[in-house]
Amino acid sequence: MPAYRLLHHGDIINVSFEFFPPRTEQMEEILWETVDRLAPLQPHFISVTYGAGGSTQERTARTLERILKETELSVAAHLTCVGATCAEVDQVARGFSALGIRRFVALRGDPVNGRGDVYRPTPGGYANAVELVAGLKAIDSDFDITVSAYPEKHPESPSFAMDIDLLRRKIDNGATRAITQAFFDNDLYERYMEKLHAAKIDIPVLAGILPIHNFRHVSRFCSRSRTHIPNWLAYRFEGLDKDPKTHSLISGIVAAEQVLDLVERGVKDFHFYTLNHADLAYTICHLMGIRPKK
């Protein structure tokens with residue numbers, strides 16, 4: 001397992017990166033530039049997303065297969081419950097396994113009509129990620145399974161207690177780590193981790209970091225997912241819609257401040273939602289002392 005030492009701190013830091021399958025040839029070129037840029041950092045693993053109902057299944061499989069063939073990266077495939085029966089999801093998992101995939105990110109997924117709609121399990125399908133984890137373990141008990149965690153509570157959940165109970169059930173069924181939804185308020189994350197520790201949940205919980213490549217887009221995403229954007233953060237990007245150079249500089253500063261503050265609080269596991277862009281993730285890793293081996 002690759003591990004790194006933060007300069008001047010001596011802490012071991014692990015990072016992972018998330019990509020999505022490209023929709024066009026141009027986007028494919030951007031993805032591979034991103035993979036080439038980040039691969040020398042030797043992440044703990046990288047993951048590739050998977051659309052609801054298998055809408056990106058073929059592109060996800062092609063992306064995973066190429067990464068496996070052309071790099072030495074450890075790869076995780078996303079799987080969701082939405083829009084597919086248990087048998088269909090199992091078939092996809094077996095197909096990924098045949099490619100050499102041993103890691104999975106098991107997610108319930110958003111409702112068919114997007115966030116804000118009411119989630120309804122697919123008839124004959126896994127009802128939620130708890131069942132999906134169990135289904136994957138039934139296929140192969142050696143699968144390494146990562147699940148989601150929510151520092152601000154899942155938007156559909158009535159309470160943190162229910163959220164934490166669901167996480168515990170995923171762990172009981174075989175999940176070995178969790179990745180948080182992206183957050184921008186480190187105090188909220190710290191309070192969430194305190195809740196998990198009080199509940200005696202001690203699996204690694206990777207801090208999900210979303211570098212802000214486009215503040216307007218991120219704001220829309222956060223509105224749908226009910227992710228809190230602090231006023232001070234919105235103020236930093238105010239007036240930069242038509243100033244991409246300054247926006248990019250501010251993005252780097254904001255992301256670096258967030259991650260380095262988390263490191264000071266003792267966080268050692270980070271997962272970067274790259275959106276298939278390498279520069280900000282690479283810069284932050286450099287600041288943490290994670291650099292290509294010479």
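Helix α9, spanning residues 244-264, gives the most to the lining of the largest cavity, with four residues. The model discussed here is a predicted one, and a search of the whole structure turns up one cavity of 30 Å³ or more. The space inside the largest cavity comes to about 40 Å³. Its lining is made up of Phe 184, Ile 209, Leu 210, Pro 211, Ile 212, Ser 251, Val 254, Ala 255 and Gln 258.

The side chain of Asn 186 reaches the backbone oxygen of Gln 258 at 3.1 Å. Asn 186 belongs to helix α6, which covers residues 186-198, and counts as buried because its relative accessibility is 8%. With neighbours within four places in sequence set aside, Asn 186 has contacts with Gln 258, Asp 261, Leu 262 and Arg 265.

Helix α6 comes back when one turns to the pockets. The second largest pocket holds about 300 Å³ of space. It is lined by 16 residues, of which Tyr 189, Met 193, His 197, Gly 266 and Val 267 are the closest to its centre. The largest share of this lining, five residues, is supplied by α6.

As for nonpolar packing, the largest core has 66 residues, and the members touching the most others are Phe 17, Leu 79, Phe 270, Phe 272 and Met 288. Leaving out neighbours within four places in sequence, Phe 17 is in contact with Leu 38, Leu 41, Pro 43, Phe 45, Ile 46, Ser 47, His 271, Phe 272, Thr 274, Ala 281 and Cys 285. There is also a second, separate core of 19 residues, with Phe 45, Val 105, Ala 182 and Cys 222 among them.

What about the cysteines? A disulfide is a covalent bond between the sulfur atoms of two cysteines. With a cut-off of 2.5 Å between sulfur atoms, the count comes to zero disulfides. Take Cys 81: the closest cysteine sulfur is that of Cys 86, and at 8.1 Å it is too far for a bond. Cys 81 is buried, its relative accessible area being 0%.

Finally, the backbone has a couple of spots worth a glance. Lys 153 has a phi near 75 degrees, a positive value in a residue other than glycine. Lys 153 sits in the loop between β6 (144-149) and α5 (160-172). With a relative accessible area of 21%, Lys 153 is partly exposed, since the buried class takes in values under 20%. Arg 226 is not a glycine either, yet has a positive phi of about 60 degrees. The place of Arg 226 is the loop between α7 (215-225) and α8 (231-236). Arg 226 counts as exposed because its relative accessibility is 58%, and the exposed class starts over 50%.

Definitions and conventions
Residues numbered from 1 in each chain as written. Predicted model: local features only at pLDDT ≥ 70, side-chain atom pairs only at ≥ 80, totals over all residues. Heavy atoms only, no water. Buried < 20%, exposed > 50% of the residue type's maximum accessible area, 1.4 Å probe, protein only. Helix = DSSP H or I, 4+ residues; strand = E, 2+ residues; numbered from the N terminus. Polar contact = N/O pair within 3.5 Å; in protein donor to acceptor, adjacent residues only side chain to side chain. Contact = heavy atoms within 4.5 Å. Core = buried A, V, L, I, M, F, W, Y, C linked by side-chain atoms within 4.5 Å. 1 Å grid on protein atoms, 1.4 Å probe; cavity = no way out; pocket = protein on both sides within 12 Å on 5 of 7 lines; lining within 4 Å. Points joined across faces, edges and corners; volume = space filled by probe spheres on them.
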